[in-house]
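The entries follow the order in which I looked things up.

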2 protein chains.
Amino acid sequence: MTQKTASRPRTRIQQEKRELILEAALEVFSAHGFRGSTVDQIAVAAGMSKPNLLYYFKGKEDIHATLMQRLLDTWLAPLRELDDIGDPMTELRGYIRRKLEMARDYPRESRLFANEILQGAPRILPLLQGELKRLVDDKVEVMRGWMRSGRIARTDPWHLIFAIWATTQHYADFDVQVRAVLGPDRGGEGRFEDAARFLETLFVEGLRPKA
Amino acid sequence: MTQKTASRPRTRIQQEKRELILEAALEVFSAHGFRGSTVDQIAVAAGMSKPNLLYYFKGKEDIHATLMQRLLDTWLAPLRELDDIGDPMTELRGYIRRKLEMARDYPRESRLFANEILQGAPRILPLLQGELKRLVDDKVEVMRGWMRSGRIARTDPWHLIFAIWATTQHYADFDVQVRAVLGPDRGGEGRFEDAARFLETLFVEGLRPKA
DNA sequence: CTAACGTTTGTCCAATCGGTCAAAATTTGC
DNA sequence: GCAAATTTTGACCGATTGGACAAACGTTAG
């Protein structure tokens, strides 16, 4: 008997299968939520039997927790990149663009987190109150510096971050609605370009420092 | 045997009980999603037994469908009110304020719809493509008029609407995250006032027509 | 009072769920 | 090539779920 998930997997095949399962779980969890997904669905999506999947993970919760933990860093990377060096407007435009690219290229990850938060974040609330809050507090200070030096308009940095989160993730989380409203002609791939142009203008003009 | 849900309920007690069940279902569905909620939970929340609840509704799907249908009009009311009369900026500020008030006063309704859309809107996709799209198309034309007459900046009306939806509903759908990030001191009731001030400034400045 | 109608409940059922287990199949180390 | 270790599977289990049903309970009109 190996020790399974207790410590790092040993064999190469365990690494690969665990990765395969996590990829399948991302697909299933992001589409149906935690309660709406079944272990069997994940197993089928991973191309293996349910007992086989449970040989690599202790259970449904374990898969979800591993997935969430592994993806959090990736998800927060764009905000981490926001830095004090360079022009504030360029920094903010870059952040918005990166977030929008993530909504376009990783919509499943976005929906996975959205599902979790919507349900009250029962599994990652400590992470939000700890790691995420510290990161945001840090970036809020950066923005306050920009405001003090008059390089962006004086406004609430927290709600500015919320607004960027909301507008960008909207295109991943509410993709169906966006497509439905835009219709077949405007709902194609170009919608992300249109969104990028609009959001950059909105935030740049909206944050232009007053004379 | 009465005809239950086939046509409108006849007795006064049926009206009341159906309303009671829908209120309980809103509470449960918005907190756990459709798949995550059980008929028993709804029955308990409504203060009755499961078979008794099933006497008033054909089944779980029936409750959800009735709830969704009944709430859609309420949910779209703020957008319907957006009108061509009066100052465009005042109209838009009013719309943002109304949407934010709905996020504050009716967070369960917001989460109910968010859950549905997140799962791919399996039950209301036709409504989005029909009723909602027509309404948005209509308001887009109103905004285009404002842009042609130079009263707001020329920009993409569709994505403007998306941005207003996203930023306002964010405070209902991602409430846990907002509270966690703001912390105990700033996460109190005042957060909606702060959000309103920020969003009004962002959109008014962001849409100010260029000279 | 009582018969008809509307309401409520206890009990039950089939399906689905997460998870276990021992045995079979396969891979690996020597 | 072979024994030990790892991987895979079929069969199974208890719990939960949505829903059915007939019997019991209440209510009201005559």
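I first looked up which atoms of DNA strand C face the protein: of those within 4 Å of it, 57% belong to sugar or phosphate and the rest to bases. The model is predicted, so local features need pLDDT of at least 70 and side-chain atom pairs count only at pLDDT 80 or more, whereas totals for chains, interfaces and linings use all residues; side-chain values use heavy atoms, without hydrogens and water. Residues are numbered from 1 along each chain as its sequence is written, with chains lettered from A and ligands numbered from 1 in the order in which they are written.

**DNA strand C.** I then listed side-chain N or O atoms facing phosphate oxygens of DNA strand C: B:K17 is at 3.0 Å, B:Y55 at 3.1 Å and B:N52 at 3.3 Å. Helix 3 of chain B gives the most to this surface, with 4 residues (helices are DSSP runs of H or I, at least four residues, numbered from the N terminus).

**DNA strand D.** Phosphate oxygens of DNA strand D lie 2.9 Å from a polar side-chain atom of A:K17 and 3.2 Å from one of A:N52. For B:S37 I noted a backbone N or O atom, 3.2 Å from a phosphate oxygen of DNA strand D. Here helix 3 of chain A gives the most, with 4 residues.

I next asked which residues lie closest to the centre of the largest pocket. This pocket has a volume of about 480 Å³, and of its 29 lining residues A:H32, A:G33, A:G36, B:H32 and B:Q119 are the closest to the centre. A pocket is an open set of points on a 1 Å grid over the protein atoms alone, where a 1.4 Å probe fits, with protein on both sides within 12 Å along at least five of seven lines; lining residues have an atom within 4 Å of a point. Helix 1 (12–36) and helix 6 (107–118) of both chain A and chain B each supply at least two residues of the lining.

The second largest pocket holds about 170 Å³. I recorded residues of both chains in its lining, among them A:E205, A:R208, B:E205 and B:R208.

Terms used
Near = heavy atom within 4 Å. Polar contact = N/O pair within 3.5 Å; in protein donor to acceptor, adjacent residues only side chain to side chain. Points joined across faces, edges and corners; volume = space filled by probe spheres on them.
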